[in-house]
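Me: I would like to learn how the features of a model such as this one are read. Please take me through them one at a time.
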Amino acid sequence: MIRALILCLVASPALADTVVAARTIPPRTVLMAEDLKQITQDIPGGIADAASIIGMEARVALYANRPISAASLRMPAVVERNQVITLIYDTGGMMISTDGRALDRAGPGEVIRVMNLGSRNTVSAKIGVDGAAYVGR
């Protein structure tokens, strides 16, 4: 009897909360509390805490009642494609600043291609929280 009880306990999967979309959410939508709901089901790769993703942006469409994965989210974009932004080269105590054109859409911490408007050269730059593109950081 005890042996059967132990086997039953070991074979039962542990249930945990998983965050799902409350409705279909289009790409580039910033998530709010009413966009999310939690279900009691452990889904591998699913997010367990809804509060941790409020304010994030959907990279792709998130379908109603389907789990949300970290790969489908990003920080909200601060730079839009073709936007003129400040391009900053910062290394060894020297800083040069010029205008650049963002060739991609990006949020803070993402690396994108930026065209220097003065020279027409394209560089890879990391986007800062201020929306500037940093080369050499």
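This is a predicted model: local features need pLDDT of at least 70, side-chain atom pairs count only at pLDDT 80 or more; totals for chains, interfaces and linings use all residues.
**Reading the fold**

Reply: Along the sequence, the elements follow the pattern α-β-β-β-β-β-β-β-β-β.

Me: What share of the 137 residues is buried?
Reply: Buried residues account for 31% of the 137 residues. As for contacts between residues at least 6 apart in sequence, 44% of them join residues at least 24 apart.

Me: In which sense do strand 8 and strand 9 pair?
Reply: Strand 8 (residues 122-127) and strand 9 (residues 133-135) are antiparallel, and they pair over two bridges. Within strand 9, Tyr134 is the bridge partner of Lys126.

Me: How is a nonpolar core read, and which residues make up the largest one?
Reply: The general idea is that nonpolar side chains tend to be buried together in soluble globular proteins. The largest nonpolar core of this model has twelve residues, namely Val19, Ala21, Ile25, Leu31, Leu36, Ile47, Ala50, Ile53, Ala58, Leu62, Ile68 and Leu73. Ile53 illustrates the packing: neighbours within four places in sequence aside, Ile53 is in contact with Val19, Leu31, Leu36, Ile47, Ile68 and Leu73. There is also a second, separate core of eleven residues, among them Leu87, Ala106, Val114 and Val135.

Me: Let us turn to charged residues. How many salt bridges does the structure hold?
Reply: A salt bridge is counted where a side-chain nitrogen of Lys or Arg lies within 4 Å of a carboxyl oxygen of Asp or Glu. The structure holds seven. One of them joins Glu110 and Arg74, with the closest N and O atoms 2.9 Å apart. Glu110 is in the loop between strand 6 (94-102) and strand 7, whereas Arg74 is in strand 4, so this pair ties together parts that are 36 residues apart in sequence.

Me: Are the two partners buried or exposed?
Reply: Arg74 counts as buried because its relative accessibility is 11%, which falls under the 20% limit for that class. Glu110, at a relative accessible area of 22%, is partly exposed.

Me: What else surrounds Arg74, and where does this residue lie?
Reply: Arg74 belongs to strand 4 (residues 73-74). Residues up to four places away in sequence are not counted; beyond them, Arg74 touches Met56, Glu57, Arg59, Arg105, Ala106, Gly107 and Glu110. The contact with Glu110 is also a polar contact between the two side chains, at 2.9 Å.

Me: Which other salt bridges deserve a reading?
Reply: The side chains of Glu80 and Arg105 meet in a salt bridge of 3.0 Å, N to O. Glu80 lies in the loop between strand 4 and strand 5 (84-91) and Arg105 in the loop between strand 6 and strand 7, so the pair ties together parts that are 25 residues apart in sequence. Arg105 counts as buried at 17% relative accessibility, while Glu80 is partly exposed at 33%. A further salt bridge links Arg113 to Asp104, the closest N and O atoms being 3.8 Å apart. Through shared partners, salt bridges join Glu57, Arg59, Arg74, Glu80, Arg105 and Glu110 into one network.

Me: Finally, how is a backbone angle such as phi read, and where is Arg28 found?
Reply: Most residues other than glycine have a negative phi. Arg28 has a positive phi near 70 degrees. Arg28 is in the loop between strand 1 (17-21) and strand 2 (36-40), and with 55% relative accessibility it counts as exposed.

Me: What is the phi of Arg120?
Reply: Arg120 is not a glycine, yet its phi is positive, at about 70 degrees. Arg120 sits in the loop between strand 7 (111-116) and strand 8. Its relative accessible area is 56%, and Arg120 is therefore exposed.

Methods: Residues are numbered from 1 along each chain as its sequence is written. Side-chain values use heavy atoms; hydrogens and water are left out. Helices (H or I, at least four residues) and strands (E, at least two) are DSSP runs, numbered from the N terminus. A polar contact is a pair of N or O atoms within 3.5 Å; within protein, one must be able to donate a hydrogen and the other to accept it, and residues adjacent in sequence count only if both atoms are side-chain atoms. Contact means heavy atoms within 4.5 Å. Two strands pair if DSSP finds at least two bridges between them. Buried means under 20% relative accessible area, exposed over 50%, partly exposed in between (1.4 Å probe, protein chains only). A nonpolar core is a set of buried Ala, Val, Leu, Ile, Met, Phe, Trp, Tyr and Cys residues joined through side-chain atoms within 4.5 Å.
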